[in-house]
Amino acid sequence: MQTWAGVLERRWPWTILFWSCLPVYLYGLLYAIDGSWWITFAVTLVALVATTVWVSRGSGGAPATTRPGWHVVCVVVLAPIALCALLHGTRELTRTEVGRVGDTMDPRTVNCGSVLNPIEPDDLELRLPAGYSDRAAASLPDIPISALAKSCQNRIAGNRNFAIAAFTVAVIVGYRSAGHVVRARGTASPSRVIANS
């Protein structure tokens with residue numbers, strides 16, 4: 001019967017720990033990043049530690065049996081995910097946020113700027129669709145600047161949170177992908193040693 005120390009010397013418990021982090025991690029990113037950012041931070045650290053230990057562990061002292069080709073496949077799958085997450089985060093930081101205001105029947109929009117370049121509340125302006133009549137525009141209710149500022153603040157905060165989420169996903173998935181590169185090199189070594197003996 002294996003002891004806990006023997007089990008933890010293997011790689012598979014750390015792989016399980018890494019992938020088990022993801023549901024909690026995604027919950028923290030999508031729903032709790034404002035008020036409970038420490039959840040995301042803590043789970044990210046656990047995922048990074050799990051990958052680090054996974055890369056450094058042997059397989060109970062025995063030569064690694066995983067084929068290098070498996071690690072190559074994992075890199076081919078994970079690296080583009082990390083790159084897409086990085087690009088998505090960059091887009092969320094730089095994307096100009098233009099949103100509807102008022103109720104669902106109100107055609108007016110406001111340009112809030114972007115996360116990196118938000119428009120100041122005093123500079124916010126309501127815009128009407130092209131060709132909208134002046135008479136119809138005069139019948140629309142006034143919207144105070146404070147309401148516009150609050151709407152833009154929420155939109156910008158949402159974009160910022162998704163950018164943070166995307167960048168953090170890029171870090172942990174990219175790190176895992178790099179771990180597979182290291183493991184692919186490590187699995188090739190024992191075969192060379194056996195061939196030369």
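Cys-112 and Cys-152 form a disulfide in which the two sulfur atoms lie 2.0 Å apart, a disulfide being taken here as a pair of cysteine sulfur atoms within 2.5 Å. The model is a predicted one, in which local features need pLDDT of at least 70 and side-chain atom pairs count only at pLDDT 80 or more, while totals for chains, interfaces and linings use all residues. Residues are numbered from 1 along each chain as its sequence is written, and side-chain values use heavy atoms, with hydrogens and water left out.

By the distance rule, the count comes to one disulfide. A disulfide is a covalent bond between the sulfur atoms of two cysteines. The torsion about the S-S bond of Cys-112 and Cys-152 is about -70°, so this disulfide is left-handed. Because Cys-112 lies in strand 2 and Cys-152 in helix 6 (residues 145-196), the pair ties together parts that are 40 residues apart in sequence; helices (H or I, at least four residues) and strands (E, at least two) are DSSP runs, numbered from the N terminus.

How accessible are the cysteines? Cys-112 counts as buried because its relative accessibility is 1%, and Cys-152 is buried with a relative accessible area of 5%, where buried means under 20% relative accessible area, exposed means over 50%, and partly exposed lies in between (1.4 Å probe, protein chains only). Cys-74 is buried as well, with a relative accessible area of 11%, whereas Cys-84, at 52%, is exposed.

The charged side chains come next. A search of the whole structure finds four salt bridges, a salt bridge being a side-chain nitrogen of Lys or Arg within 4 Å of a carboxyl oxygen of Asp or Glu. Glu-92 takes part in a salt bridge with Arg-91 (3.0 Å, N to O) and in another with Arg-95 (3.1 Å, N to O). Glu-92 itself is buried, with a relative accessible area of 4%, while Arg-91 counts as partly exposed at 41% relative accessibility and Arg-95 is partly exposed with a relative accessible area of 27%.

A further salt bridge brings together the side chains of Arg-155 and Glu-97 (3.4 Å, N to O). This pair links distant parts of the chain, since Arg-155 is in helix 6 and Glu-97 in strand 1 (residues 97-100), 58 residues apart. Arg-155 counts as partly exposed at 27% relative accessibility, and Glu-97 counts as buried at 9%. Through salt bridges that share partners, Arg-91, Glu-92, Arg-95, Glu-97 and Arg-155 are joined into one network.

The surface carries patches, which are made of residues with over 30% relative accessible area and no salt bridge, like charges being joined within 9 Å and nonpolar side chains (Val, Leu, Ile, Met, Phe, Trp, Tyr) within 5 Å; accessible areas come from the Shrake-Rupley method with a 1.4 Å probe, and for residues only the protein chains shown count as cover. Trp-70, Val-73, Val-77 and Ile-81 make a nonpolar surface patch of about 380 Å². Within this group, Val-73 is found in helix 4 (residues 68-94) and counts as partly exposed because its relative accessibility is 44%.

Glu-120, Asp-122, Asp-123 and Glu-125 form a negative surface patch; Lys and Arg count as positive and Asp and Glu as negative, with His and the chain ends not counted, and the place of a charge is taken as NZ of Lys, CZ of Arg, CG of Asp or CD of Glu. Glu-125 lies in the loop between strand 2 (109-113) and strand 3 (126-127), and at 56% relative accessibility this residue counts as exposed.
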